[in-house]
Amino acid sequence: MFSTFCKFEKKFTPMRRKILILPLIYTFILIFASCEQKYTTISGIIWNTSYHIVYHSNQNLEDSIQRALNRVNAELSMFESESTVSLVNSGASDSVGADFIYVFNESRRISEASGGSFDPTVGPLTELWGFGRHKTDVVTTPDSAAIAEALDAVGINDCRIADRRVIKKSPATTFDFSAIAKGYGVDLVAEMLDRNGVNDYMVEIGGEVRVAGHPAKSPTWRIQIDAPVESADSVIHRRLDIISLSGGAVATSGNYRNYRDTPTGRIGHTVDPLTGRPARRPTLSATVTSPRCLTADALATACMAMEPAAAMDMIERLDSCEALLVVASGDSIMVVATPDFGKNE
């Protein structure tokens, strides 16, 4: 089963469960450490978030990096009206490419592993609760009839791809790969660097990370995971753990960045595909390591929609995956982790 890191628990300020926290993974400590000659740093904005890439090579690979990101944009971005996923969602097309098929198949695998707690067809529900593409400041609670109608369109395991054409569960079914696409973008850039003989790199998009080798002046890449700490006037960051990686990926998920205050209380953006309502779990954040970033990305989201014990059982059934959860427990928080979490890949 999973182990509890009691030594971290002692460092926390007591925290009420209603408090939501800010990001738990920081990569800036990696980026600016790599300033030695031949280490190239590239940064930018994509999919409403930032990216930072550091690699050790004599080659200028910026154009190749952009092409990899453009592949994801062209097929999976909901911010592009002519992307493959946007055309499929609108019903304008059912034809999909290799990247869509790959992410679709991995999404189905994670959906099955999580008992349906991860499902990229949850779009009609996220829209209903004000967290979708057309975000609103909705503070009312959808009625049961509206939730039931949206649920009828949800179910990636009721969708399939045949001859590169998507067959949706219903015309109202839409795909939102935002919980896996950033990780896939990280993987595409990392795999391009691998093909070009780059042995030392760090690729980060929106806090999702994949590394190989080491940065300048350090034997491994070091990634900080923050503990949530309550403050009188703001939320501050304090180190929970630093993991060292020379290979593999790490991703984090939580409801601390994206939430709504409603008359019945605060709701997070993680909508449970099984109930049609925002997940109300004690998990404040989930950090997952895996060889591939799209897998870590999707599993971290799945963990947020599951009870902690069920989430950890899922992780332990999967090869080469580890997890750390920050979980509310009464008036304090605790950390639970699989036995090999944080061990260098």
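# A tour around helix H5

Start by selecting Ser111, which is buried at a relative accessible area of 1%. This residue sits in helix H5. Keep in mind that the model is predicted. Now show what surrounds Ser111. Leaving aside residues up to four places away in sequence, Ser111 touches Gly116, Phe118, Asp119, Ile156 and Asn157.

**Along H5 to the aromatic rings**

Stay on helix H5, which covers residues 98–113, and select Phe100 together with Phe177. The ring centres of these two are 5.3 Å apart and the planes stand at 90°, so the pair is edge-to-face. Which parts of the chain does this pair tie together? Phe100 belongs to helix H5, while Phe177 is in the loop between strand E6 (165–167) and helix H8 (178–195), so the pair joins parts that lie 77 residues apart in sequence. Phe100 and Phe177 are both buried.

Next, select Phe104 and Phe175. Here the ring centres are 6.1 Å apart and the planes meet at 65°; an angle over 60 degrees counts as edge-to-face, so this pair is edge-to-face. Phe104 is in helix H5 and Phe175 is in the loop between E6 and H8, so this pair ties together parts 71 residues apart in sequence. Both Phe104 and Phe175 are buried.

Now display the four rings at once: Phe100, Phe104, Phe175 and Phe177 make up one aromatic cluster. In the structure as a whole there are five aromatic pairs.

**From H5 to H8**

Colour helices H5 and H8 and look at how they pack. Two packed helices are described by the angle between their axes and the distance between those axes. For H5 and H8 the angle is about 125° and the axes are 11 Å apart. That angle makes H5 oblique to H8. The crossing of H5 past H8 is right-handed.

Which residues make the contact? On the H5 side, select Asp99, Tyr102, Val103, Glu106 and Ser107. On the H8 side, select Ile180, Tyr184 and Leu188.

Select Cys159, then Cys293. Are these residues buried or exposed? Cys159 has 1% relative accessibility and so counts as buried. Cys293 is buried too, with a relative accessible area of 0%. How many disulfides does the structure have? A disulfide needs two cysteine sulfur atoms within 2.5 Å, and by this rule the count is zero.

Definitions and conventions:
Residues numbered from 1 in each chain as written. Predicted model: local features only at pLDDT ≥ 70, side-chain atom pairs only at ≥ 80, totals over all residues. Heavy atoms only, no water. Phe/Tyr/Trp six-rings, centres within 6.5 Å; stacked < 30°, edge-to-face > 60°. Helix = DSSP H or I, 4+ residues; strand = E, 2+ residues; numbered from the N terminus. Buried < 20%, exposed > 50% of the residue type's maximum accessible area, 1.4 Å probe, protein only. Axes fitted to C-alpha atoms, helices over the stretch in contact; angles between N-to-C directions. Parallel < 35°, antiparallel > 145°, perpendicular 65-115°, else oblique. Left-handed = near helix turned anticlockwise from the far one by under 90°. Contact = heavy atoms within 4.5 Å.
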